[in-house]
Amino acid sequence: MQPTAPLLRRLRRLALTTKQVNGGYYKGTGSGSMGRHTKHGGYIVDYKKVRTYVVPKDLKDFKLTPFVTKTMEPLKGFFEGDPKGGLSGERYLDRWKRENGMD
């Protein structure tokens, strides 16, 4: 069974995939190279190829706004007051006992 002629025309306009083409077709990600590989397995970065973005100096009068509001309050951490923070073994054991009961 074959698709109809109009459907075939529409399929031809889509981007190729690696399954539609014989071996040797590599689509890539469009990222480009930032340097070159050495014969010893290393990588040398060519800083002429690295993308750099210039940020305007004074953003107070800048017309474009960020995706996040500038007036957002910082969130309070869950582990405030615990000197070890989230890596505290005592806090982990307390939570485990609360959720699973005593063994």
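**Legends to close-up views of the predicted model**

**View 1. Arginine 95 and glutamate 99 in helix H2 of the predicted model.** Because arginine 95 and glutamate 99 are four residues apart in helix H2, about one helical turn separates them. Their side chains meet in a salt bridge, with an N to O distance of 2.8 Å. Side chains of opposite charge can pair when their charged atoms come close. Arginine 95 and glutamate 99 are both exposed. The count of salt bridges under the rule applied here comes to one.

**View 2. A nonpolar surface patch that includes phenylalanine 62.** Val55, Leu59, Phe62 and Leu64 make this patch, which covers about 400 Å². Phenylalanine 62 is in the loop that lies between strand E2 (43–45) and helix H2 (89–100). With a relative accessibility of 39%, phenylalanine 62 counts as partly exposed, because that class lies between the limits of 20% for buried and 50% for exposed.

View 3. The secondary structure consists of two helices and two strands. Among contacts between residues at least 6 apart in sequence, 0% join residues at least 24 apart.

**View 4. Surface and burial of the protein chain.** The chain has 103 residues, of which 4% count as buried.

How values were computed. Residues are numbered from 1 along each chain as its sequence is written. This is a predicted model: local features need pLDDT of at least 70, side-chain atom pairs count only at pLDDT 80 or more; totals for chains, interfaces and linings use all residues. Side-chain values use heavy atoms; hydrogens and water are left out. Patches are made of residues with over 30% relative accessible area and no salt bridge: like charges are joined within 9 Å, nonpolar side chains (Val, Leu, Ile, Met, Phe, Trp, Tyr) within 5 Å. Accessible areas come from the Shrake-Rupley method with a 1.4 Å probe; for residues, only the protein chains shown count as cover. A salt bridge is a side-chain nitrogen of Lys or Arg within 4 Å of a carboxyl oxygen of Asp or Glu. Buried means under 20% relative accessible area, exposed over 50%, partly exposed in between (1.4 Å probe, protein chains only). Contact means heavy atoms within 4.5 Å.
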